[in-house]
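Have the sequence and the 3D view open as you read.

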Amino acid sequence: MTEKDITEKFWKALRSDRTVMLGLRNVAPRPMTALVDGDEGGPIWIFTSKDTELAKALTPDETARFTFADKGHNVFATVYGALSPHNDRAVIDRLWNQFIAAWFTGKDDPKLQLLRFDAREAEIWVDASSLMAGLKLLLGSDPKEDFKDKVAKVEL
């Protein structure tokens, strides 16, 4: 696999599965729903409440990190980027859905905080475990050889 292949798999998996563990330097990661807007590279939008520890601790363009694992455990990533408050009404209108609505009294809820995550870099792993890898291990082969081309450190 090339870095491009690995990166494409990551964006496809993130668009599909959406749950990330998002945190700041001084705020422990929390599960959040990440909504990818536009082409690969984002931005990534996250709806939260202004009264969460994350929102209260956030400063403009703060460096944040999220970790991600798709539901099938085939793609894993640690992503670094800038996180900032960004209550753009056009974006809220475009991304609003029934799942977000369940957490708020509406798009004008005073507690609603939209966050913008601009991904800068990531380390992405694509699962190399398979029946064939297991058989190779049993036969004395080094499974790291099958895995080495399934990891990429990329600029996003």
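Predicted model: local features only at pLDDT ≥ 70, side-chain atom pairs only at ≥ 80, totals over all residues.

Residues are numbered from 1 along each chain as its sequence is written, and side-chain values use heavy atoms, with hydrogens and water left out.

Side chains of opposite charge can pair when their charged atoms come close. Here a salt bridge means a side-chain nitrogen of Lys or Arg within 4 Å of a carboxyl oxygen of Asp or Glu. Going by that rule, the model has eight salt bridges.

**A pair in helix α1**

- E8 and K4 join their side chains in a salt bridge, with 3.6 Å from N to O.
- Both residues sit in helix α1 (residues 3-17), four residues apart, which is about one turn of the helix. Helices (H or I, at least four residues) and strands (E, at least two) are DSSP runs, numbered from the N terminus.
- K4 counts as exposed, at 59% relative accessibility, while E8 is partly exposed, with a relative accessible area of 31%. For these words, buried is under 20% relative accessible area, exposed is over 50%, and partly exposed is in between (1.4 Å probe, protein chains only).

- D93 makes a salt bridge with R89, at 3.0 Å from N to O.
- These two are four residues apart in helix α3 (residues 89-95), so about one helical turn separates them.
- Both are partly exposed: D93 has a relative accessible area of 35%, and R89 is at 38%.
- D93 also forms a salt bridge with K107, whose closest N and O atoms are 3.3 Å apart.
- K107 lies in the loop between α4 (98-101) and β7 (112-126) while D93 is in helix α3, so this pair ties together parts that are 14 residues apart in sequence.
- K107 is partly exposed too, with a relative accessible area of 29%.
- Through shared partners, salt bridges join R89, D93, K107 and D108 into one network.

**Two positive phi angles**

- R18 is not a glycine, yet its phi is positive, near 65°.
- You'll find R18 in the loop between α1 and β1 (19-24), partly exposed with a relative accessible area of 32%.
- H73, also not a glycine, has a positive phi of about 55°.
- H73 lies in the loop between β5 (62-69) and β6 (75-85), and is partly exposed with a relative accessible area of 48%.
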